[in-house]
Amino acid sequence: MPVACPISFECLDQTEFGARDFALMPHFFASQTEIGRLADESVYEADVAARFVEAGGMVHREVPITISYGTFSKTFYLDLVADGKLIYELKAIAKLTAEHMAQLLNYLLMLDLRHAKLVNMRPASVQASFVNSLRTLTERREFAVDERNWSGGEKIVQFIRDLLQDWGIGLSVSLYHQALVHFLGGEALVVKELAMQRDAIPLGNQRFHLLDETSAFRVTSFDNAAQPYRHQLRRLL
């Protein structure tokens, strides 16, 4: 998978990651104790990084990860990397959600690593959660393409097949979507606002992504059967 990152990570197992993390977490608590819990995320990031260094550690902030395919590329940034091994994603929000977990999991999958940690500095006590990746890149490249209900042309299917073979499955759906839009010519060509109406009553415009003048597409991900979503798409059409 074409991922560029200035750090060559060592893939730690859960025991190694946990032991190193145990020694570093007190710095997050110390930062919140001294600064309070109302500061911006960037302030905590700078303070925790300084505390790591004061304790004799090494830290990198805002480490870029660039994933690419053909002429498409997108760059993400890791908040903190301690000792070239441990990734921390910092938040300063009311509550951690599944979306925050998914964001950090996306980074792990791109780097083919197993463990990282999400830390929230806003609650009364520092909130932290391990995020673990259970699949290797080799395993994520094992997939099947079902074309039985597809009528959009072989060119798109081949692109999806090649993209999944390169990146593997399991990354953020929006990332695959952005790559496909780029492949089709970019948002200026693909995204259209189309007039909607019900029983001749105008309802305004709806944003669609078009393969051509008569076919729209959506990139989705399901844990179970897609039939309920397919029913909703029919209603929209």
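## Briefing: cores, sheet and salt bridges

At 44% relative accessibility, Glu 154 counts as partly exposed, a class lying between buried (under 20% relative accessible area) and exposed (over 50%), as computed with a 1.4 Å probe on protein chains only. The structure is a predicted model, in which local features need pLDDT of at least 70 and side-chain atom pairs count only at pLDDT 80 or more, whereas totals for chains, interfaces and linings use all residues. Residues are numbered from 1 along each chain as its sequence is written, and side-chain values use heavy atoms, with hydrogens and water left out. Helices (H or I, at least four residues) and strands (E, at least two) are DSSP runs numbered from the N terminus.

**Salt bridges**

- A search of the whole structure finds 12 salt bridges, each being a side-chain nitrogen of Lys or Arg within 4 Å of a carboxyl oxygen of Asp or Glu.
- Glu 154 pairs in this way with Arg 161, their closest N and O atoms being 3.6 Å apart, and Arg 161 is itself partly exposed, with a relative accessible area of 24%.
- Glu 10 forms a salt bridge with Lys 85, with 3.7 Å between the closest N and O atoms; because Glu 10 lies in the loop between β1 (3-4) and α1 (14-35) and Lys 85 in the loop between β3 and β4 (86-91), the pair ties together parts that are 75 residues apart in sequence.
- Glu 10 is partly exposed, at a relative accessible area of 39%.
- The salt bridge of Lys 91 with Glu 89, whose closest N and O atoms are 3.5 Å apart, joins two buried residues, since Lys 91 has a relative accessible area of 11% and Glu 89 has 3% relative accessibility.
- Glu 34, Asp 47 and Arg 51 are linked in a network of salt bridges.

**Nonpolar cores**

- A nonpolar core is a set of buried Ala, Val, Leu, Ile, Met, Phe, Trp, Tyr and Cys residues joined through side-chain atoms within 4.5 Å; the largest has 35 residues, of which Phe 9, Leu 78, Ile 87, Trp 167, Leu 171 and Leu 175 touch the most other members.
- At least two residues of this core come from each of β2 (59-69), β3 (72-82), α3 (98-111), β5 (115-120), α5 (154-167) and α6 (173-183), and the largest share, six residues, is supplied by α3.
- Leaving aside its neighbours within four places in sequence, Leu 78 is in contact (heavy atoms within 4.5 Å) with Phe 9, Arg 61, Glu 62, Val 63, Ile 65, Ile 87, Tyr 107 and Leu 111.
- Another core, of 20 residues, lies apart from the largest one and has Leu 12, Ala 49, Leu 86 and Val 126 among its members.

**Helices α3 and α5**

- The expected span of a helix is 1.5 Å times one less than its number of residues; for the 14 residues of α5 this should be 20 Å, which agrees with the 20 Å between its end C-alpha atoms.
- The 14 residues of α3 should likewise span 20 Å, and the end C-alpha atoms of α3 are 20 Å apart, in agreement.
- Buried residues in α5 are Ile 156, Val 157, Phe 159, Leu 163, Leu 164, Asp 166 and Trp 167, and what covers them includes β2, β3, α4 (137-140), α6 and β8 (201-212).
- In α3, the buried residues are His 100, Leu 104, Asn 106, Tyr 107, Leu 108, Leu 109, Met 110 and Leu 111.
- Just after α5, Gly 168 takes a positive phi of about 80°, while α3 is followed by Asp 112, whose phi is positive, near 55°.

**Sheet and hairpin**

- Six strands form an open sheet with mixed pairing, in the order β1-β2-β3-β4-β5-β6, where two strands pair if DSSP finds at least two bridges between them.
- β1 and β6 (127-132) stand at the edges, each with a single partner strand, so one side of each is left without a neighbour in the sheet.
- β5 and β6 pair in the antiparallel sense over six bridges, with Val 119 standing opposite Ala 128 in β6.
- Helix α2 (residues 41-54) packs on the sheet, touching β2, β3 and β4, and its direction makes about 115° with that of β2; axes are lines fitted to C-alpha atoms, for helices over the stretch in contact, and angles run from 0 to 180 degrees between N-to-C directions.
- Strand β7 (residues 191-198) pairs with β8 in the antiparallel sense over eight bridges, and the bridge partner of Lys 192 in β8 is Phe 208.
- The hairpin of β7 and β8 has two residues between the strands, and Asp 199 in this hairpin takes a positive phi near 50°.
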